[in-house]
Amino acid sequence: MMAVTPETRTVPIGARSIYVLTSLFETATASIGRWYAKRQTRETLSRLSDRELDDIGLTRSEIPHLPDRF
C-alpha cells in the first residue's frame with residue numbers, strides 16, 4: 001500500500017500578484033456593472049407616469065429606495 005502525501009508548492013510572486021490584480025479588476029468591473037444597471041432601472045422608472053408606477057405597485061417616492069434586486 002502506498003502512502004499519499006500532500007504536495008505543497010510555492011507560487012511565484014509574479015503569478016500571485018497577477019491573480020490578485022485580476023481579481024480586483026473583476027470585482028471592480030462587476031461593481032460598476034451593478035451600479036450602472038441600478039441607475040438605468042431607476043431612470044427608466046422615473047420616466048413612467050404615476051399611473052404606470054401604480055400599475056406595478058410603486059410610488060415615485062419609492063424609486064430611490066429600491067432594493068438591489070427588484
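Reader: What makes up the secondary structure of the protein chain?
Author: In this predicted model, the protein chain has two helices and zero strands. Helices (H or I, at least four residues) and strands (E, at least two) are DSSP runs, numbered from the N terminus.

Reader: Why is the protein chain called more spread out than a compact globule?
Author: The radius of gyration is taken over C-alpha atoms, and the globule rule is 2.2 Å times the number of residues to the power 0.38. For 70 residues that rule gives 11 Å, and the chain has 24 Å, well over it, so the chain is more spread out than a compact globule. The C-alpha atoms fill a box of roughly 75 × 35 × 15 Å along the principal axes.

Reader: What rules stand behind the model and its numbering?
Author: Residues are numbered from 1 along each chain as its sequence is written, and side-chain values use heavy atoms, with hydrogens and water left out. As the model is predicted, local features need pLDDT of at least 70 and side-chain atom pairs count only at pLDDT 80 or more, while totals for chains, interfaces and linings use all residues.

Reader: Why is Leu53 called buried?
Author: Buried means under 20% relative accessible area, exposed over 50%, partly exposed in between (1.4 Å probe, protein chains only). Leu53 has 0% relative accessibility, so Leu53 counts as buried. Leu53 is found in helix α2.

Reader: How do you know that Ile63 is buried?
Author: Its relative accessible area is 4%, so Ile63 is buried. Ile63 lies in the segment after α2. Buried residues make up 7% of the 70 residues in the chain.

Reader: Why does Asp55 count as exposed?
Author: Asp55 has 60% relative accessibility, so Asp55 counts as exposed. Asp55 sits in helix α2, residues 50-55. From Arg39, Asp55 is 16 residues away in sequence and 21 Å away in space, C-alpha to C-alpha.

Reader: What makes Ser17 partly exposed?
Author: Its relative accessible area is 36%, so Ser17 is partly exposed. Ser17 is part of helix α1, residues 13-47. Ser17 and Pro6 are eleven residues apart in sequence, and their C-alpha atoms are 25 Å apart.

Reader: Which residues make up the largest nonpolar core?
Author: A nonpolar core is a set of buried Ala, Val, Leu, Ile, Met, Phe, Trp, Tyr and Cys residues joined through side-chain atoms within 4.5 Å. Here the largest has five residues: Leu45, Leu53, Leu58, Ile63 and Leu66.

Reader: What is in contact with Leu53, leaving aside neighbours within four places in sequence?
Author: Contact means heavy atoms within 4.5 Å. Leu53 is in contact with Leu45, Leu48, Leu58, Thr59, Arg60 and Ile63, leaving aside those neighbours. The C-alpha atoms of Leu53 and Ile63 are separated by 9.6 Å.

Reader: Which residues does Ile63 contact, leaving aside neighbours within four places in sequence?
Author: With those neighbours left aside, Ile63 is in contact with Arg42, Leu45, Ser46 and Leu53. Ile63 and Ser46 are 17 residues apart along the chain, with C-alpha atoms separated by 7.3 Å. Leu66 touches Arg42, Leu45 and Leu58, not counting residues up to four places away in sequence.
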